[in-house]
2 protein chains.
Amino acid sequence: MKKQGKRTILLENPPCVLGYGSVVGKKEHEGPLSAEFDSYTTDSFFGEKTFEKAESKLQKTALKTALRKADCKPDDIDNIFAGDLLNQCIGSSFSLREFGIPFIGLYGACSTMALSVGLASLFVESGAAEKTAAVTSSHFCSAERQYRFPLNYGCQRTPTAQWTVTGSGAMVLGKAEKGVSIHAVTFGEIEDLGIKDANNMGAAMAPAAASTLLHYFEDTATGPEDYDVIYTGDLGYVGTQALYMLLEREQVDIRCRHSDCGLLIFDREKQDVHAGGSGCGCSASVLCSFVMHRFEQGDFHNILFMSTGALMSPTSSFQGESIPGIAHLLNIRKD
Amino acid sequence: MKKQGKRTILLENPPCVLGYGSVVGKKEHEGPLSAEFDSYTTDSFFGEKTFEKAESKLQKTALKTALRKADCKPDDIDNIFAGDLLNQCIGSSFSLREFGIPFIGLYGACSTMALSVGLASLFVESGAAEKTAAVTSSHFCSAERQYRFPLNYGCQRTPTAQWTVTGSGAMVLGKAEKGVSIHAVTFGEIEDLGIKDANNMGAAMAPAAASTLLHYFEDTATGPEDYDVIYTGDLGYVGTQALYMLLEREQVDIRCRHSDCGLLIFDREKQDVHAGGSGCGCSASVLCSFVMHRFEQGDFHNILFMSTGALMSPTSSFQGESIPGIAHLLNIRKD
């Protein structure tokens with residue numbers, strides 16, 4: 001492992017994805033990626049008594065799927081990296097309680113999937129662990145009532161608002177002869193250009209996305225044309241336009257290579273999700289289904305995957321604060 | 001870096017503490033460790049408009065102190081590891097926004113100091129970073145109103161309750177010829193023996209503390225007698241007794257070597273803190289002052305430092321859930 005440039009960490013013996021799993025809710029199952037997910041539930045409660053417990057069950061389900069595909073028992077995993085959007089990350093702590101795996105709790109808002117996979121990869125590469133796992137989730141109903149309004153209130157949504165994905169993605173990483181592997185990780189810094197509209201997360205996260213991507217390109221002396229595709233997590237329609245604009249100022253054009261998980265997971269025309277999908281579960285469930293399937297089918301060999309997060313809380317917004325954003329990036333390859 | 005036993009990671013070229021800083025509030029300054037802290041404030045708002053902004057300022061102050069002592073600029077730090085107790089960890093994201101350091105957000109409740117220092121050490125040891133920093137905080141007023149009751153309500157406290165420390169500790173780590181260094185890290189698993197009383201965090205965290213400590217002893221084939229002292233984070237009086245009881249079942253007695261940061265920071269007789277201090281800032285501010293000073297004065301050479309966290313939220317408690325605990329351990333030495 002070595003630093004390349006200022007921010008990028010190169011993994012010289014890149015850890016491989018040994019298994020992955022995804023589970024989503026009804027709306028996500030009705031979207032364009034329907035056939036990609038391992039499983040889905042049409043019940044917002046997922047058989048539990050509360051939305052929060054349902055979210056924990058989403059994580060458990062995704063993790064069990066990833067473990068099964070990796071042919072691993074929980075006991076084979078040295079460390080698990082997880083976090084979610086709920087206060088005190090209870091989605092993760094209550095889902096992982098029963099597995100007995102040493103737990104490294106994260107908070108990166110919707111950037112959690114890239115953050116957790118990045119750290120899990122570093123642990124394998126460095127010899128700190130043999131096998132690791134990464135998992136995150138979000139749930140439309142638990143997020144709405146925590147961040148915005150009670151669902152029953154029936155509040156109207158603004159055009160820039162995004163729809164929190166009900167879903168979870170999990171990945172198991174370890175050494176392997178060949179496979180899809182994590183070649184480089186760039187952890188981002190917090191960026192805040194002063195956006196205060198909590199219904200416009202895309203715009204709040206775009207500066208962080210631009211910053212991390214530009215740092216990565218500089219560190220590695222590469223450009224958009226060197227990658228088959230550049231996935232962002234959940235910038236949605238508004239955030240994507242803002243990202244293009246910010247990159248243009250630096251003479252970087254990613255348009256023909258870029259795709260956003262928040263725009264892939266829903267059909268904006270038909271599914272009434274306004275600016276697109278969001279939430280930790282958005283990039284997690286898309287990575288652990290659609291993206292991995294494209295690798296397996298040979299559609300691409302070298303991509304960038306960058307989850308983006310908005311690090312505010314309802315309290316900070318009520319106190320008049322702007323919204324800090326963050327983005328973490330993975331270079332994923334299959335030779 | 002290599003695994004020792006099942007859970008412990010040995011750092012073969014142990015990263016050193018290059019600098020550390022602590023800042024506390026009025027009550028902590030009036031306690032037994034008064035002279036140890038770098039700075040304190042008698043104003044709960046720390047010159048800010050809200051308790052949450054005050055908590056962010058605590059982190060900034062501790063970090064700036066640590067950077068100054070390490071003779072570093074923010075730009076010298078490759079990655080910073082931080083988290084806190086506030087919803088969505090806004091204590092950390094808003095404090096670190098201005099530093100421009102790649103940010104890895106954590107949620108480990110009161111275990112955050114050992115978690116962040118552990119990860120920061122691994123990054124240095126593995127070559128992923130040259131210099132890293134770890135910081136966390138808590139604030140009595142922001143924690144009370146978020147987890148329990150509005151302060152103005154004047155609620156009575158139960159005898160098992162602990163007093164959230166207003167304070168922050170920060171540490172800068174890197175390679176150095178000699179100094180206080182991190183030799184081993186054991187990340188703990190989530191333990192939950194069914195405690196449901198949110199006013200008895202000590203008892204909820206004790207099983208995790210026992211589990212991590214026993215795993216470490218087993219992995220390293222050592223026992224309490226091999227260490228000058230074993231610090232726990234914030235078990236307080238009740239949790240400490242529970243830990244002794246749980247360890248006794250395994251024929252391990254740490255009584256003559258054990259000290260708890262939550263019992264060190266306040267005078268339980270005179271300061272009306274019931275079972276002792278708690279909060280991320282408790283073990284952080286004690287580590288980055290008193291503990292580091294003892295090393296510098298040659299009082300000890302080989303210690304264990306284990307922060308403990310309770311991974312519940314008010315929502316999970318309202319939903320009838322028990323309280324999952326976690327504990328992460330560091331072996332800190334000075335040759």
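## Charges over rings

In this predicted model, the charged end of Lys57(A) sits over the ring of Phe46(A), 5.0 Å from its centre. Over in chain B, Lys27(B) lies over the face of Trp163(B), at 4.1 Å from the ring centre. A charge sits over a ring if NZ of Lys or CZ of Arg is within 6 Å of the ring centre and within 35 degrees of the ring normal.

## Aromatic pairs

Searching the whole structure turns up 21 aromatic pairs over all chains. One of them is Tyr216(A) with Tyr227(A), a tilted pair at 5.9 Å centre to centre with 55° between the planes. It joins distant parts of the chain, 11 residues apart: Tyr216(A) is in helix α6 (residues 201-220), while Tyr227(A) is in the loop between α6 and β11 (229-232). Tyr216(A) is buried at 1% relative accessibility, and Tyr227(A) is buried too, at 3%.

Phe45(B) and Phe51(B) make a stacked pair, 4.4 Å centre to centre and 15° between the planes. Here Phe45(B) is partly exposed at 32% relative accessibility, whereas Phe51(B) is buried at 12%.

Back in chain A, Tyr231(A), Phe290(A), Phe295(A) and Phe300(A) form one aromatic cluster.

## Cut-offs and ground rules

Rings of Phe, Tyr and Trp (its six-membered ring) pair if their centres lie within 6.5 Å; planes under 30 degrees apart are stacked, over 60 edge-to-face, and the rest tilted. Buried means under 20% relative accessible area, exposed over 50%, and partly exposed in between (1.4 Å probe, protein chains only). Helices (H or I, at least four residues) and strands (E, at least two) are DSSP runs, numbered from the N terminus.

Residues are numbered from 1 along each chain as its sequence is written, with chains lettered from A and ligands numbered from 1 in the order in which they are written. Local features need pLDDT of at least 70, side-chain atom pairs count only at pLDDT 80 or more, and totals for chains, interfaces and linings use all residues, while side-chain values use heavy atoms, leaving out hydrogens and water.
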